[in-house]
Every structure is written in structure tokens, then in C-alpha cells.
Amino acid sequence: MTLDQVQILDKHRDLIKDRHQVIFGEGVTNASKSFIFGIAFLLRIMETPDTHTQFFLGGKTLPVLEKMYIQNPDSFYNIFKPICTYTNAGQGGAKIIINMQGVKPDKIIYLAGYDNKNRWSDILGLTIHGFNVEEINIADDDFISELFIRVFRNSGFLICSSNGGDPDTPIYTDYLNKCRP
């Protein structure tokens, strides 16, 4: 898929333009959450200040993220492939580098799974300014706590999705339900 083939609905435009610090989308599988959030994530990264160069894309596991974004021809990575380069985990960590064409420093999106603390804890020393987390409702509670601390400490942003889950779990009661308008 190429950018000129993307059909954007009004609700998608609203999500792409939204500049709230936390954006949470919940819905059924194949409702286009990941697709639109991926585009919104990349576009928002591109408009961040020069000093903001580190970002995070999280999912259950790295192989799941690679299937959703790197191998999927209809993902933000492949739509914007002329400016995106993927480096897999065996080459210094899984990351997408966004070539800002010399206008700004390149931006780096680190990819990691949240199913295992050893995986996502590798980013703890970094100053992450934006996060996109898939299926946040199944993420590790320690990961979620650290995520929200970093979003607010770094004045960053969080875009996250869920297919729905138990409304009494800590992710809903402590965080997501407080984001609802």
C-alpha cells in the first residue's frame, strides 16, 4: 500500500490531528486502530523538536510487532518506507530509523515486547518522548507503571490500543478510565 491509496475517514482524521498527551483506542479486532495509530504516531514523531529523537513501539512480543509493522505491507512502516529503515534485534536492538532528510536529526523508534521485563527494561536508561503500545490491557503491570511515569516526566505522549478487557484491572482503573472524556 502507498500513501495515496490510504482512505481516511473523518474519525481517522480526528485521531491523526489529536494532540492530547494520552490517546487510547479500544475496539474490536480489525477496526483499523493499529493502522491509524501507526500513521498518527509517525506523523507526530516527525513534528517533535530536534532534541526529541527517541521513541518506543511496544507490543506483546517483538515477533508480534515485526508481523504487525515490518512484514505487513499495510503498516505505517511500509507506507513511509522511503524514509524508514528497520534494524532487527540482532543488530544492536530492534529499531526503526526515520530519516528526517537533514531537516532535523533522525528519529529512532525502539521496538520491544512487554511480556518479559528483561526485554522492555533495556529502554529504561533512554529519554523516550513518545510511545505507541499495542494491546496495552495485556501488558505487564510494572511496564505500565514505568510507561506512565515516563510519559509525564518527559512531557511526551502515549498512543495505545486495546481490543477490550476486564474493566476492573489496574490498567483501566488506575490509568485508562481517567483518560476518557
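# Chat about a predicted fold

Biologist: At the start of helix 3, which backbone nitrogen does a side-chain oxygen of T61 reach?
Modeller: That of V64: the T61 oxygen comes to within 3.2 Å of it. That's a polar contact (N or O atoms within 3.5 Å, one able to donate a hydrogen and the other to accept it; residues adjacent in sequence count only if both atoms are side-chain atoms). Helices (H or I, at least four residues) and strands (E, at least two) are DSSP runs, numbered from the N terminus.

Biologist: Before we go on, what kind of model is this?
Modeller: It's a predicted model, where local features need pLDDT of at least 70 and side-chain atom pairs pLDDT 80 or more, while totals for chains, interfaces and linings use all residues. Residues are numbered from 1 along each chain as its sequence is written, and side-chain values use heavy atoms, with hydrogens and water left out.

Biologist: Back to helix 3, then. Which of its residues are buried?
Modeller: In helix 3, residues 62–70, the buried ones are L62, L65, E66, Y69 and I70. Buried means under 20% relative accessible area, exposed over 50%, partly exposed in between (1.4 Å probe, protein chains only).

Biologist: And why are they on the same side of helix 3?
Modeller: Because they cover an arc of only 100° around the axis, taken from the directions from the helix axis to the C-beta atoms. In general, an α-helix has 3.6 residues a turn, so residues three or four places apart point the same way.

Biologist: How many bridges join strand 3 to strand 4?
Modeller: Four, and the two strands run antiparallel. In that pair, T85 stands opposite I97 of strand 4. Strand 4 also pairs with strand 5 (residues 107–113) over four bridges, again in the antiparallel sense, and there I96 has I109 as its bridge partner.

Biologist: Switching to loops: which one holds S32?
Modeller: The loop between strand 1 (22–26) and helix 2 (33–46). S32 has a positive phi of about 80° although it isn't a glycine, and S32 counts as partly exposed at 27% relative accessibility.

Biologist: And where is S155?
Modeller: S155 sits in the loop between helix 6 (141–153) and strand 7 (157–162). S155 isn't a glycine, yet it has a positive phi of about 50°. At 60% relative accessibility, S155 is exposed.

Conventions. Pairing = 2+ DSSP bridges.
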